[in-house]
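The following exercises concern a predicted model. Please work through each task before reading its solution.

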Amino acid sequence: RAHEHAASLKRSPGNATLRGYPRSILTRADPSVALEPGSKPVVIVFYDDASRISNLQASDILPVLVEAGDAVDVVAIDVGADATRTEDERRVVRPYYPGTVPATVVLSARRGPVKLWFQRTSASALTKALQEAQSRR
């Protein structure tokens with residue numbers, strides 16, 4: 001399903017009705033997991049479903065995030081102008097959001113920074129960063 005959704009995003013990246021990181025496809029962790037050391041790495045994705053470039057990134061990295069499964073916690077935070085955020089999401093935005101969309105952060109299990117992208121990233125770059133995060137346990 002992740003690959004089918006990614007293909008839809010790639011075909012119509014400007015379609016705001018297509019969610020980049022739908023909960024029906026991607027298991028999301030509670031944002032609070034990014035704030036304290038844990039047992040596995042965390043990927044934080046800052047996105048805006050109304051942003052073409054954000055949806056193009058989702059088309060690239062969504063399959064990687066789904067395939068990583070239980071090996072990584074994924075925190076996806078909508079930073080679009082109309083988004084409402086929970087208190088935990090706001091607590092993650094403060095230290096990690098660089099102010100650009102899309103933005104992606106990979107943290108080790110100890111929550112040390114592994115990689116931060118201030119712009120669109122690729123599936124291969126994310127895969128490499130996840131491998132590095134796993135090795136830093």
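**Exercise 1: Aromatic pairs**

Two aromatic pairs are found when the whole structure is searched. Classify the pair formed by Phe 46 and Tyr 97 as stacked, tilted or edge-to-face.

*Solution.* The ring centres of Phe 46 and Tyr 97 lie 4.9 Å apart. Pairing requires centres within 6.5 Å. The ring planes stand at 45 degrees, so the pair is tilted. As to position, Phe 46 belongs to strand S1 (residues 42-47), whereas Tyr 97 sits in the loop between helix H3 (87-96) and strand S3 (103-107). The two are 51 residues apart, and the pair thus links distant parts of the chain. Finally, Phe 46 has 0% relative accessibility and therefore counts as buried, while Tyr 97, at 23%, counts as partly exposed.

**Exercise 2: The two sides of H1**

Determine which residues of helix H1 (residues 2-11) are buried, and why they lie on the same side of H1.

*Solution.* The buried residues are Ala 2, His 5, Ala 6 and Leu 9. They lie on the same side of H1 because they cover an arc of only 100 degrees around the axis. On the other side of H1, the exposed residues are His 3, Glu 4 and Arg 11. The buried residues of H1 pack against helix H2 (52-68).

Terms used
Residues are numbered from 1 along each chain as its sequence is written. This is a predicted model: local features need pLDDT of at least 70, side-chain atom pairs count only at pLDDT 80 or more; totals for chains, interfaces and linings use all residues. Side-chain values use heavy atoms; hydrogens and water are left out. Buried means under 20% relative accessible area, exposed over 50%, partly exposed in between (1.4 Å probe, protein chains only). Helices (H or I, at least four residues) and strands (E, at least two) are DSSP runs, numbered from the N terminus. The arc is that of the directions from the helix axis to the C-beta atoms. Contact means heavy atoms within 4.5 Å. Rings of Phe, Tyr and Trp (its six-membered ring) pair if their centres lie within 6.5 Å; planes under 30 degrees apart count as stacked, over 60 as edge-to-face and the rest as tilted.
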